[in-house]
Structure formats: structure tokens, C-alpha cells
Amino acid sequence: MGEDKALTPRDEDFSAWYNGVVQRGQLAGYSPVRGCMVIRPHGYAIWELMQKALDARFKETGHQNAYFPLFVPQSFLQKEAEHVEGFAPETAVVTHGGGKELEEPLVVRPTSEAIIWPIMANWIQSYRDLPLLINQWANVVRWEMRTRLFLRTLEFLWQEGHTAHATDEDAEREALLILDIYRQFMEEWMAMPPVTGMKAEWDKFAGAVRTYACEALMQDNWALQAGTTHNLGQNFARAFDVKYQTEDGEHEYVWSTSWGVSTRLVGGLVMMHSDDLGLVLPPKLAPIQVVIVPIWKSDDEKARVLEAGARLKSALGDGLRVKFDDRDTLNPGAKYYEWEGKGVPVRLEIGPKDLKKRQVMAALRFSEDPKQRKLAIPETEVTGRVPELLNRIQRALLDAALRRREENSYRGVTDYAELKKIVASGGGFIYTGYCGAEECEAKVKEETKATIRVIPDDDFASETFPDECICGGPAQHEVVWARAY
Ligand SMILES: [Zn+2]
């Protein structure tokens, strides 16, 4: 199975470690189709929890789900010039169907603007139809040359929001609202605090006026672009002739946005928290939050601990996701290993000695203080203490992630030599002034592989930033550099 191999230590080879964690956690694997992954049940369960949380937020903020076709007529994709230029190199194209050559090739959606707008154009007549707030959960295909499980695969799952508004301000507000929903979700659910901001002009979504992104710092100090929102201005409305009648009876193009997060988030979650034993999951996104492992030697002990374990499971109730691992084909050590590798936040052990002492032993998958990883809990307090422990782990993971991010953020970096030194000695988020020239970034990228991640939002921007860009030219604004996935 290849799942019992020792993990490559995180500090030795981060990439091999990552693959090992994904394998040991039984999250995903490669398939017979190059670059396409199979998401295994444990990985899919994490994605479902993510979907549920995000979907609730989208609906609370007035969005509705719909579903559009997988195929996009090639001519549709060509209607928005920048869009086709951006996506054409990575599209898969269907030329035959039912044994015949198609009159017009069909592109497998790399994103859905080009199929959604011609359809939604018919749903919009007047200002009364706006805003139109649609989301779809779907798969998309981008023909990537180099792939990695969850982080970059030919086919991936995501949600894509598509909205139409009466004014530019409304579209901008929407793009920022969703950016904030993403940020909150990443902080509160994933314990993965991102830096948010605007993408540089040449790094925008193909066809967007402005692109905003959440960038999270992984444990190897590389950034992961974890979610993006786009203010599309009237670009797609013009390309697909999406007009509405204003209150004054004029006909205007709508203002639109699109936004998405994908199964890439699962990869981010893995890289954010896991350790040399395997997966570490924040309790809110753990498919199994608590595993109960009974320990016995004799048949008599077995009967008693199984009975106690079953009682404990029902006492913990339906509010928690609890697994009672009563398999008698594995010894407790093998069970610990399996559930550690799957990132279960709390393990409760019940053996004959615990029964005698009327207690259970709790082992936490994550604790900032290793000495607090194991504790005895009196039987009568378990139902109250376990939810508390889960909250504590959720909080501790976020605290650790925030601290790591701040410890590896370098503000006010003024010269290129310093930036190079930081990148060479492990990297992180490097804040500098920036002149705004694309060639300036291109040079740094070529020489250090670091790129501009975002122009940071007010919440993340430094109080002041250097007057000069690292190239020596006058700085127009602050940017955050990092090597990125
Ligand atoms: Zn410059």
C-alpha cells in the first residue's frame, strides 16, 4: 500500500514530507490519468466540511447556487480577448462526440465566465433584476504541466461565484465582501490566517479590472494563493452583451465579479499544520474530531472497556464527530498511528486501569506545549472537557500560525541585497516599497524566484513603507514578496 513508510521529516524535504502526509492521511492519490487526482474519502470529507461552511456564508449574504454546463463553445471563450489569451494555453478541447467530428469544438471549462454570461444575459432585463448573485460548485480543467496533489491538478473542484451589479461601486463592494468571507473562513475554520490584498496589474485574472487574493504562508515559508476575487468591471458584460434597463430607462452594461476557492485549500490545510507524524487538522474541519480507543488484554477486560467505550461515545453525543474504534484486528498502537496520520484532534483511551480510576486518558494531536499533550480526565467531566479541548486546539493552531507568519514577515526591507538574503535563508513575507514596473518584478523573479504576492490591504500594510523600491526607483506603494506555490 505504501502507506506505512516512515514520513520524510518536514525539515529535510518539505515536498516529500507533504506527499507523505497526504498518503498517510489517505487524503488523495494519483490516477491513471496524468495529473488528475483521486480524492479519497477522508480527503473528500474535509472538502465537504469546507463546502458546508462556505456555502452557508454565501447563502447568508444573498447568493444562490446554480449549475452551468461543463462545455464551453470555443467561440464563446474567444469573445473576451484577455480572457482567451489567459486561458487558451491550458484548455482541454473536445473535437469529437458520438463518433463524429463536432462542427464547433467544445472547451472543457477552465472557469465559467464564457458560458455563464451569455446565459445570465437573458436573466437580466432591468435594474430590478440586480444584483444577481450566483454561485456554482463544480469541477474545472486546466492543462497544467507540473502537478501536485491538491495544489495543482489538471482537474480540480471549486466554487465559482458570478455576480452582476448596477454600479461599479456595488461590484467592488462584492469583490471585497467575498474576500473578507474567504479571509474569515481561513482564519476561523482553517486556522490559516492569510494576508489579503490586491494583485499587481499583470498578475490579475484574465479579463479582470482588479483581482484580490488571500495569500497564506506555509510552514516552509512559501506562500499559497488560497482564494481570489475579481472585479470584472464591464469587460464581460461588453463581450457578452449583458445590459440592463436603468430606472431612467437607459440601457447600461452590468458590472460583474467572479470569485473562487478550490480543493487547493485542502493542500493548504495540510501544509499549514501537519508535522512529522502526519496530518494535523483543526477540529472544525476534522471529519473525525474524537476517536475512542479501548485497550484490553483479557476477554473480561475487553468486555468492560468496550462497554465503557460505547457509553462514552453516546455520552459525547451527536454534536461532535466521534469514532469508536472497537476493531479487534489492530492493537492500540497501530490505531494510534492510523488516527494520528489522519489528523484526529483528540484521542480518548480507555484501559482497565482507567476504568478503575474512573477516568479516560486524552491525547491531543496538537498542543503548543508538548507536556500538555496527554491528560487524564475524570469520567464525570469528559462530556464537558472534550468540546473545551477541541476549542483549545482550534485556537492554539491559529495562534501558532499567526506567530509563525509574524516571525517570518520582514517589514520595511529597503534594498535588493536584503531581500535576496531573506529568500536565500528560508524566505517569508517580505514587505518593500515598489516602483510599479513589471520588469522590476521580472528581474527579481528570475534571480530569486520570489514574486509579488499582493499589494497589502490596510489591515496588513505596514505603518510606513520605504520611499524607494528595491530597484532604487521611487516607490508607489508597498508590496509583499514571497516564493509561492
Ligand atoms: Zn522597482
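These legends walk you through a few views of a predicted model.

View 1. Start here to get your bearings: along the principal axes, the C-alpha atoms of the protein chain fill a box of roughly 80 × 60 × 45 Å. A compact globule of 485 residues would have a radius of gyration near 23 Å, and the 25 Å of the protein chain agrees with that. Take contacts between residues at least 6 apart in sequence: 70% of them join residues at least 24 apart.

**View 2. The surface and the charges of the protein chain.** About 21800 Å² of the protein chain is accessible surface, and carbon and sulfur atoms account for 49% of this area. The chain carries 58 positive and 73 negative charges, whose mean positions lie 9 Å apart. Turning inward, buried residues make up 53% of the 485.

**View 3. The largest nonpolar core, a set of 50 residues.** Look for Met50, Phe150 and Met186, the residues that touch the most other members. Elements that each supply at least two residues of this core include the helices α1 (14-24), α2 (41-60), α6 (168-188) and α8 (264-273), along with the strands β2 (37-39), β10 (210-217), β11 (223-233) and β14 (255-262). In soluble globular proteins, nonpolar side chains tend to be buried together.

**View 4. A closer look at Met50 and the residues it touches.** Leaving aside residues up to four places away in sequence, Met50 touches Phe185, Met190, Leu265, Val266, Leu269 and Leu285.

**View 5. A second, separate core of 30 residues.** Among the members to find here are Val290, Val322, Leu348 and Phe366.

Key:
Residues numbered from 1 in each chain as written. Heavy atoms only, no water. Rg over C-alpha atoms; globule rule 2.2 N^0.38 Å. Buried < 20%, exposed > 50% of the residue type's maximum accessible area, 1.4 Å probe, protein only. Contact = heavy atoms within 4.5 Å. Areas by Shrake-Rupley, 256 points an atom, 1.4 Å probe, with all protein chains shown as cover. Lys, Arg positive; Asp, Glu negative; His and termini not counted. Charge placed at Lys NZ, Arg CZ, Asp CG, Glu CD. Core = buried A, V, L, I, M, F, W, Y, C linked by side-chain atoms within 4.5 Å. Helix = DSSP H or I, 4+ residues; strand = E, 2+ residues; numbered from the N terminus.
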